[in-house]
Amino acid sequence: MQLIRGMQNLPKTLTGCALTIGNFDGVHLGHQAVLQHLRNKANALHLPMVVMLFEPQPREYFMSMNAQHEQAPARLMRLRDKLYYLKQLGVDYVICVKFDRTFASLKAEFFIEDWLVNKLNVKFLSIGDDFRFGADRKGDFRLLESAGKKFGFSVEDNRTFFLDKLRISSTAIRQALAQDDLVKAEELLGRPYSIFGKVVHGQKLGSTIGFPTANIRLQRQVNPVKGVFAVRVKCPCGSVFEGVANIGQRPTLNGVEQRLEVYLFDFNDDLYGKTILVTLCHKIRNEIKFSSITALTEQIAQDVLVARDFFKRND
């Protein structure tokens, strides 16, 4: 799979495609069904399968431009995570478009004729029937259908997928995670909720109190989950370790930025600079501010006991 950053970097070999456009936040069961269908269409047409997505996500951009500076919904995953799962689903190219004022002001007709037809030569387009695009969001499914007849490409709407009458969506997964319902989130995602991240140097406090942690900065991702969890961690070597993770701002240490800190059981290797996959298995407690480092240390020891007991009962 090839990542293309911006339409100006399209390879000359990309002379036609089967395309879908969206955020694909979470790459959940609904996304997976859409992408599998697109893969089949691309194969039948002997075309590459292309996904177009945006950074920042459109809602993040518009909310940042809002005078009230409201916070956009929490992301389920960062771009790097999306690319990992999109590759697993057989996507050939991902076009990452910078969503800014210039792009937001493009007229819908220009986006279709210049981007989809002239630049991408799209032959099949899979899109949600509620998809809006172009300046003032004037572009819609009907406009794409009409343009398809004019320029010779077919358009198909992504049908909505349900699980037990619940619409499978990124919003539903965020709500499940916000309610600490990891089981429901897993059902909607089609896999346990996990976070990829590169291990960075922290304050080294964990080492001084007997619980050395692997620290991951969540950067732009405002994570929908917070608190202390029993986790399984897959390391670059392929081995999986159990442990305890805290996702939050570390109030006892007067932290500001959100961070993921993981203490791995029975682990002594060096993970600095390496990317790990942290899977949340069980919520232990909420993040709280302790009166002292001693109180924090005692609680971590208790969290470890709870996590070990959870894994013992669920192996």
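Visitor: In what order do the six strands of the open sheet stand?

Guide: This is a predicted model. The six strands pair in the parallel sense. Neighbouring strands of this sheet are turned by 25 degrees against each other on average, direction ignored. The order of the strands is β1-β4-β3-β2-β5-β6.

Visitor: Which are the edge strands of this sheet?

Guide: An edge strand pairs on one side only. In the order β1-β4-β3-β2-β5-β6, that applies to the strands at residues 2-5 and 154-158. The edge strands are β1 and β6.

Visitor: Which residue in β5 stands opposite C17?

Guide: Strand β2 covers residues 17-21, and strand β5 covers residues 122-128. Four bridges join the two strands, which run parallel. The residue opposite C17 is V122.

Visitor: At about what angle does helix α6 run to β6?

Guide: Helix α6 is made of residues 141-151 and lies across β5 and β6. Strand β6 is an edge strand of the sheet. The angle between α6 and β6 is about 155 degrees.

Visitor: What do the buried residues of α2 pack against?

Guide: The buried residues in α2 include P58 and Y61. E60 and M63 are also buried there. These buried residues pack against β3 and α4.

Visitor: How many salt bridges does a search of the whole structure find?

Guide: Side chains of opposite charge can pair when their charged atoms come close. The search of the whole structure finds a total of eleven.

Visitor: How many residues apart are D92 and R39?

Guide: D92 is in the loop between α3 and β4, whereas R39 is in helix α1, so the pair links distant parts of the chain. The two are 53 residues apart.

Visitor: Is R39 buried or exposed?

Guide: Buried means under 20% relative accessible area. R39 has a relative accessible area of 14%, so R39 is buried.

Visitor: Which residues are linked with E55 in a network of salt bridges?

Guide: The side chains of E55 and R75 meet at 2.8 Å, N to O. E55 is in strand β3, and R75 is in the loop between α2 and α3, 20 residues apart. Both E55 and R75 are buried. The residues linked with E55 in the network are E60 and R75.

Visitor: Is D180 buried or partly exposed?

Guide: D180 meets K283 in a salt bridge of 2.9 Å, N to O. The pair links strand β14 with the loop between α7 and α8, 103 residues apart. K283 has a relative accessible area of 15%, so K283 is buried. D180 has 33%, which means that D180 is partly exposed.

Visitor: Which residue in β10 is the bridge partner of V199?

Guide: Strand β9 covers residues 194-200, and strand β10 covers residues 214-217. Two bridges join these strands, which run antiparallel. The bridge partner of V199 is I216.

Visitor: Which residue in β13 stands opposite A214?

Guide: β10 also pairs with strand β13, residues 259-264. The pairing is antiparallel and has four bridges. The residue opposite A214 is V262.

Key. Residues numbered from 1 in each chain as written. Predicted model: local features only at pLDDT ≥ 70, side-chain atom pairs only at ≥ 80, totals over all residues. Heavy atoms only, no water. Salt bridge = Lys/Arg side-chain N within 4 Å of Asp/Glu carboxyl O. Buried < 20%, exposed > 50% of the residue type's maximum accessible area, 1.4 Å probe, protein only. Pairing = 2+ DSSP bridges. Axes fitted to C-alpha atoms, helices over the stretch in contact; angles between N-to-C directions. Contact = heavy atoms within 4.5 Å.
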